Amino acid sequence: MAETLPRTRAALAAWDGEGLPPEAAFAAMAQELGAALEERRIGDVSQRLNFERTGMRALLLRTARAAPRLVAPYAESLPALDPRWAQPETWQLIRRAGGPTTSLYLLRALDLTRMPDGAIRAVDPDQALFRTLFLRTLWVSVIVTLACVLLGWPVAAAIASLRPPWSSTALLLVLVPFWSSVMVRSTAWFALLQREGPVNDLLLLLGVVDAPLQLVGTRFAVLLATIHVLLPVAILPMVGVMTRLDPRHLQAAASLGAGPWLRFRRVWFPLSLPGVLAGAAMTFLLAVGFYITPALVGGERDQLVAWFIAQYLNRDVNWGMAAALSVYLLAMAGAVMALLRVLTGGMPVGARG
Amino acid sequence: MTRLLLLLAALVIAMPAAAQRELTIVAGGGQLQDHMRRTLFESFTQRTGVPLRDSSYDYNVGPIRAMVQARNVTWDVVMVEAPDLIRGCEDGIFERIDWSVVNREKFLPGGTTTCGAGAIGWGVSVFRDVSRNPNGPSNWQEFWDVQRFPGRRTLRRGARMTLEIALMGDGVPAAEVYRVLATPAGQQRAFAALDRIRPHLHFWTGGQQPIELVNAGEVAFAVGFVGRTANAMRGGARFDLNWDTLLFSFDYWAVVRGSPHAANAMRLIEHITNPEPLRALSEVWPINPVTAAVANDPAVRGRNPLMMSNHQHRGLQIDTEFWLDQGPELEQRFAAWLNR
């Protein structure tokens, strides 16, 4: 806006916002739009204003194309071209967009919008999307994290208790899937879960179901595949901490008369907790940003925030919206991490046992 | 740390080398691009002696914008979709086509814009596996008739095309679709039509998915890209492809702004839109050329009954300008609808 329509912006800044702006603003608008079209930098401004109000792109381009034919006084020739130039709301919107910062994207990413009078309201229910999306992302990430920790802990404990070469063999079994592509593992789940896939074939063969289940495109599939993909991320930090546990702690506990259960509950388990927290933290942080797996095995109601960020970034080229969603996602992840730290009394995440 | 510095130093040294890179053309990849390489690209190098490298992308224009803004242009000629081309042209992401090098007269009507020269036509239409479903819908109203033709249907995930289809499913004639869809009442009607058969709908994201979904029996009827469907049929798939449900548009060749090879890029576009190399391509792949002499060539048409040019008159051309204006709002409304 500052680069494309500098004189319009200055003229509107001087305007009191009541009624229609002075002739200078109309003239600057007509001339600068014409020049912007000619020099091909009208796109940014027209997209930006169109995102604020649908139809603005068409209005600006139409005016820019007609600009060479428009004559003074522009306060008459612009409204004659399109009646929207005679509406104060149009000018107020442009004036507001001329500021150095905008709350537009941050508001939209929370399903809020600013009315022409400046008040902030919830968007039309038909357009509301992002609050649901953030809650869903949080919910899916928490479930995935809990499942990964609960499933990963016994595996990690088992690996830590094995002797070489079995311990490294077991670790390799965790590492191989960890190293293989997320894409490949997610696609494999699609193949397994599809209507005529092995899972449904087995269920039919065993007589558990009469007709193939719809598994692909469900929340269940998303959770299952994401948990599988992230499980090694949870296991590895736990193994790291558990293998470094000093066996003398257990010996000391035994020498003081603690039985196996007490040794586990009072000594070994608490000492393994930093690993559990590190595993949980890494799993959660990766889960909030997940999008390949939900895109492949999930349905329309299973996409997470990251999918929309990618969509805005790559497809719609609306980087403002992508940035606003990213900021909230980062804040959400940060808040959960901080909460985790407070709940654990500031225990160092991933510290040596 | 030292290693990181060395890496950075290596990058800085490597950067001027980018200026000497070869002329690079980027399209959608896949088998089509393999055939393009043999028929279009290699013949350009043979004729002009200019070395040419080709690469593929997923039609996401974000990276192109990033390379123009960073002034590190590594692609020269790109195949782009119509909305991206027009937006990119307004934003100065693409160069204006030099019509003194590229012959503007050879294209079909609508086949050129300020920054783009028509590359290929593409479309979507309904298809089904006849071995699973001997009968299927023959128009959009029947596609919406879930009593008469039971089974799940899959459409592209997105408002563009889906809302047009929903209106036609609700009985709006093709010629009226964009006029109706421009009104709030028309938009309401489109979403209400989607609501009506929502339990029977599935939405795909990647172009190969409709074929996989139909092959796997996940859906009974699919709206998919006609090129891919036709290709699967030539590969032996027992599909019925319905041309009365065609929605189509063009893809264009464009030159990335700031390309160090802009002059050769224009010559390349002139060559790959010429009838001779396009005829060679049409012999190995059922393209839908935008070059009139090839698109209207009876020999080319006769060779490929599944070529879109033969059926284009039965379809609806997607209104690019409509979607540039209404797209952001309708796409978000569609995303919100999907998530409800």
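Predicted model: local features only at pLDDT ≥ 70, side-chain atom pairs only at ≥ 80, totals over all residues.
Into which domains is chain A divided? Chain A is divided into domain 1, residues 6-100, and domain 2, residues 130-343; such bounds come from an automatic or database domain assignment. Between the C-alpha centres of domain 1 of chain A and domain 2 of chain A there are 51 Å.

Residues are numbered from 1 along each chain as its sequence is written, and chains are lettered from A and ligands numbered from 1 in the order in which they are written.

Let me turn to chain B. Chain B also has a domain 1, made of 17-121 + 250-308, and a domain 2, made of 123-248 + 315-338. The C-alpha centres of domain 1 of chain B and domain 2 of chain B are 28 Å apart. Their contact takes 8 residues from domain 1 of chain B and 9 residues from domain 2 of chain B; two residues are in contact if their C-beta atoms, placed from the backbone, lie within 7 Å. On the domain 1 side, α4(B) gives the most, with 4 residues. Helices (H or I, at least four residues) and strands (E, at least two) are DSSP runs, numbered from the N terminus. The residues on that side of domain 1 of chain B divide into 6 nonpolar, 1 polar and 1 charged. Here Ala, Val, Leu, Ile, Met, Phe, Trp, Tyr, Cys and Pro count as nonpolar, Asp, Glu, Lys and Arg as charged, and the others, Gly among them, as polar.

Next, the contact between the chains. How many residues of chain B are in contact with chain A? There are 27 of them, and they meet 30 residues of chain A. On the chain B side, the elements that give two or more residues are α3 (62-69), α4 (82-90), β6 (201-204) and α15 (320-338). Of these, α15(B) gives the most, with 10 residues. By type, this side of chain B divides into 9 nonpolar, 9 polar and 9 charged residues.

Buried residues of α4(A) include Met56(A), Leu59(A), Leu60(A) and Leu61(A). A residue is buried if 20 or more other C-beta atoms lie within 10 Å of its own, exposed if 12 or fewer, and partly exposed in between, with C-beta atoms placed from the backbone. The buried residues of α4(A) pack against α2 (23-38), α3 (43-52) and α5 (74-81) of chain A, together with α15 of chain B.

Now to the strands of chain B. Strand β1(B), residues 23-27, pairs in the parallel sense with β2(B), residues 52-56, over 5 bridges; two strands pair if DSSP finds at least two bridges between them. Leu23(B) has Leu52(B) as its bridge partner in β2(B), and Ala27(B) has Ser56(B). β1(B) also pairs with β3(B), residues 77-81, in the parallel sense over 2 bridges, where Ile25(B) is the partner of Val77(B). Of the 5 residues of β1(B), 4 are buried.

Finally, the nonpolar cores. A nonpolar core is a set of buried Ala, Val, Leu, Ile, Met, Phe, Trp, Tyr and Cys residues joined through C-beta atoms within 7 Å. The largest core has 101 residues, and Ala221(A), Leu230(A), Ala234(A), Val297(A) and Leu167(B) touch the most other members. Helix α12(A), residues 219-243, gives the most to this core, with 16 residues. Leaving aside neighbours within four places in sequence, the contacts of Ala234(A) include Cys148(A), Val149(A) and Ala280(A). A second, separate core of 55 residues includes Met79(B), Phe107(B), Val256(B) and Trp323(B). In soluble globular proteins, nonpolar side chains tend to be buried together.
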